[in-house]
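These are my notebook entries on a single model, taken with the sequence and the coordinates open side by side. I set down what I looked up, entry by entry.

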Amino acid sequence: MSNKPLTTNPNVLAWVDEMVALTTPDKVVWIDGSEEQLEALKNEAISTGEMIELNQEKLPGCLYHRTKPNDVARVEDRTFICTEKKEDAGPINNWMSPADMKAKLIPMYTGVMKGRTMYVIPYSMGPIGSPLAKVGVEVTDSIYVVLNMNIMTRMGAQAFENLGETSNDFVRGLHSKADVDPEGRYIVQFPEENTIWSINSAYGGNVLLGKKCFALRIASFQGKNEGWMAEHMLILGLEKPNGDVKYITAAFPSACGKTNLAMLIPPEGYKKAGYKIWTVGDDIAWMKPGKDGRLYAINPENGFFGVAPGTNEKSNFNALESTKKNTIFTNVAINNDDNTVWWEKFDKNPPVNATEWKGAKVNGPEYIAEGNTLAHPNSRFTAPAVNCPCLSPEFNNPEGVPVSAIIFGGRRAKTTPLVYQSFDWTHGTYMGSAVSSETTAAATGAVGVLRHDPMAMKPFCGYDMADYWAHWLEMGEKLGDKAPKIFNVNWFKQDEDGNFIWPGFGDNMRVLDWIIKRCEGEVDAQETAIGYLPKPEDLNLKGIEDEVTPEVLDKLLAVDTDLWKAEVEEMRNYYKQFDRLPKALADELDKLEARLNK
Ligand code: OXD
Ligand code: MN
C-alpha cells in the first residue's frame, strides 16, 4: 500500500523502486510536507512512544525523543568515504571500495523494512529556487527522521519542483535504523555516485542525511567538481550603525562555540551605538562566486541542530528563544512537574521530579550530586530557523550574502593569539589547514592534546584533504582581489593557572569589529611573522578594561617565537601523510619558518 509518488522524474522513481525492492517495506509513504500529513505522523509517533508530547502551553508544538543509550553521537570510526580509488578518499578518511562496501551492506539492508513503513523524503538544501540549492531524497523507516528533516531542510513536494522532470542531479540517501546495533552501524558516502547509506543508527548527525553527509561530505566533493565550496562554517551579518551589513563566515571544530558566535548579542556599548548581529547559519555554508566576482554564501539548512547543555539565557539567549516552539528535543531531561525540558546549565535549579535522558525517574539535585548528568552531554534541540530572534532578513535570499571575511579558529591554550590576519589567500589557506584544537579535561582526561582539524572539516571532507586544499587555492585564484580576507581567532587563551584570559561570548564582537575594519581598510595592523595583528589601541575594550588590562592584552596578542617554531615542526609532521600536498602550502610553511628565524 502506498500513496502516490510526488514526481514523475524517472530517475527518482527508478531509484525509489530499487530501494523498495532491497528493503521490502510493507508500505511506502511519499512525504509531501503538508500540515495534515505531518500532524498524522506526529500523532502516530506519540501513540507508539517514539515521541513524547511536551507541555503544549509552555512549549507549543514541541516534542521529545530519547535515543538508545548506545546511539547518542556521530560515529567517526564507522563513517566511510567510498571512492573507487583509495587515494581519492585520502589518508585521513576511512575508506572501502564501493563494491566491497555494498557487498557488506546489501545483506544488512535486505528486507530490513519488512513490517515497517518507508518514508520517501524529498528536500532542498538551500532556499527553493536558489542557484546554489541542491535536491536530496532520503528514504527512511523512521518518523523521527521525517519530523527532524522537516525542521532542518525545505522538505516536501516543493523540492521536486526544483529538481524538474528529468534531472538526475539529486543526492540519494538510504537510511534504516535497522536494530540500532552499534556493531552494524555504518555511515557511508559514495561521493562518485551522489549516494549516502546509513544503517543501525537513529541519532541526528548519522541519520538526518541532508546535514553532515550531504551538505558537507557529498557537497564538498560536488563543490570541487563544480567550482564552489561546502564548508563547516557559520554565517553572520554584522550591521553597523549606518545600517550597512558585512558578512562573515567562520569555521571552528565541533564544540568551539559556532552557534554562540552566530547568534552573538553585542556588548552594551555596541548595542547603544547601533551595532547588531544577524544569523544566517550556525553550522554549514555553501559558497560560490557571484556575478560581481565576489564570494556569496547560503546556509543550506533550515533549522539549528544544537547542543542543549550549556545553552541558557546568558550564554545564548537567541538559541534558547529558538527552542520555545515547534522544536524537537533529543536526550535532554524532562521536568515531570510541568512536562518541560531541562539540561545542565539551563538554570541553577535541576528539577527534583525529573526523568533523566535514559528514561529513569530521579531526584535531579541528588542524581547530579552523585556525579551524573540529567541530560546527555550531546543532547540536542532541533529548532526551526524562523524562531531565531536575530535571523537575518537575507536568510532566504536565493543569491546568498557576499562574504567579506572568513575566520578560522580552535581551542588553543597558548600558541595562538586572540586574532590575526593572513597576508593573502594562500597564507589563509595554510592557516585553515593548520586549524587544531586542544582537548579539554572533561572530554579525554588529558588536557592540551592537540587534534588537527583542518578547516574544521576533518570528519566532513568527502575526498582527499590535500585535494580539498588545492581546491581552496584554486578558488582563491578565481576570486583574485575580490576574495574575502582570512583571519584566525582564539577565544581560549589561558594564563599560567589555566584561566581563560579573554571574556568571550558577546565580547567577541570586539574582534569581529576589528576584522571588519581591516576588511574596509579602516585600521592599520602590526606585521608579525605569523600575520597581521591588531595594534593594541585598535581593539575596542570599552567596558572590559578592568578584565582585559594592558598586561592581559599583551598576552592575548603575544607571538611567542619558540612556541611558533614548535608549531612549524608539528605542521611539518602533520603534512607528511599527504602525498598530494599542494606545493604552495609546503612553501607557506617554509616561509613561516623563515620569518620566525629572522
Ligand atoms: C555538529 C558537529 O553536530 O559539528 O554540528 O558535530
Ligand atoms: Mn557542526
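Entry 1, terms and conventions. I take a polar contact as a pair of N or O atoms within 3.5 Å; within protein, one must be able to donate a hydrogen and the other to accept it, and residues adjacent in sequence count only if both atoms are side-chain atoms. Helices (H or I, at least four residues) and strands (E, at least two) are DSSP runs, numbered from the N terminus. The model is predicted, so I note that local features need pLDDT of at least 70 and side-chain atom pairs count only at pLDDT 80 or more, while totals for chains, interfaces and linings use all residues. Residues are numbered from 1 along each chain as its sequence is written, chains are lettered from A and ligands numbered from 1 in the order in which they are written, and side-chain values use heavy atoms, with hydrogens and water left out.

I looked up the cap at the N-terminal end of H13 and found Asp424, with a side-chain oxygen 3.2 Å from the backbone nitrogen of Thr426. I then checked the cover of H13 (residues 425-433) and noted that 8 of its 9 residues are buried. Here buried means under 20% relative accessible area, exposed over 50%, and partly exposed in between (1.4 Å probe, protein chains only). Among the buried residues of H13 I list Trp425, His427, Tyr430 and Met431.

I placed Thr23 in helix H1 (residues 10-23), and I recorded Thr23 as buried, at 0% relative accessibility. A polar atom of the Thr23 side chain lies 2.8 Å from the backbone oxygen of Met19. I found Thr24 in the loop between H1 and strand E1 (27-30). The phi of Thr24 is near 45 degrees, which is positive in a residue other than glycine. Thr24 is partly exposed, at 29% relative accessibility.

Asn339, though not a glycine, has a positive phi of about 55 degrees. I located Asn339 in the loop between strand E20 (333-335) and strand E21 (340-342), and its relative accessibility of 27% makes it partly exposed.

Which residues surround ligand 1? I listed Arg74, Lys212, His232, Ser254, Asp283, Arg380 and Phe460, a residue being near a molecule if one of its heavy atoms lies within 4 Å of it. This shell divides into 1 nonpolar, 2 polar and 4 charged residues. In that count Ala, Val, Leu, Ile, Met, Phe, Trp, Tyr, Cys and Pro are nonpolar, Asp, Glu, Lys and Arg are charged, and the others, Gly among them, are polar.

I next read the distances to oxygen atoms of ligand 1. A polar side-chain atom of His232 lies 3.2 Å from one such atom, an N or O atom in the side chain of Asp283 is at 3.3 Å, and a polar side-chain atom of Arg380 is at 3.1 Å. Taken alone, ligand 1 exposes 210 Å², and the protein buries 87% of that. These areas come from the Shrake-Rupley method with a 1.4 Å probe; for residues, only the protein chains shown count as cover.

I found the manganese ion (ligand 2) coordinated by Lys212 (NZ), His232 (NE2) and Asp283 (OD), at 2.1 to 2.2 Å. Donors are N, O and S atoms within 2.8 Å of the metal (3.2 Å for Na, K and Ca); water is not among the atoms, so sites may look incomplete. Along the chain the donors follow the spacing K-x19-H-x50-D. Lys212 lies in helix H8 (residues 210-226) and Asp283 in the loop between strand E15 (276-281) and strand E16 (285-289), so this pair ties together parts 71 residues apart in sequence. Lys212 and Asp283 are both buried.

I recorded 31 salt bridges in the structure, each a side-chain nitrogen of Lys or Arg within 4 Å of a carboxyl oxygen of Asp or Glu. Glu76 and Arg74 form one of them, at 3.0 Å from N to O. Glu76 is partly exposed at 38% relative accessible area, and Arg74 is partly exposed at 24%. In the bridge between Asp88 and Arg580, the closest N and O atoms are 3.0 Å apart. That pair links distant parts of the chain, 492 residues apart, with Asp88 in helix H3 (residues 86-89) and Arg580 in the loop between helix H18 (561-575) and helix H19 (583-597).
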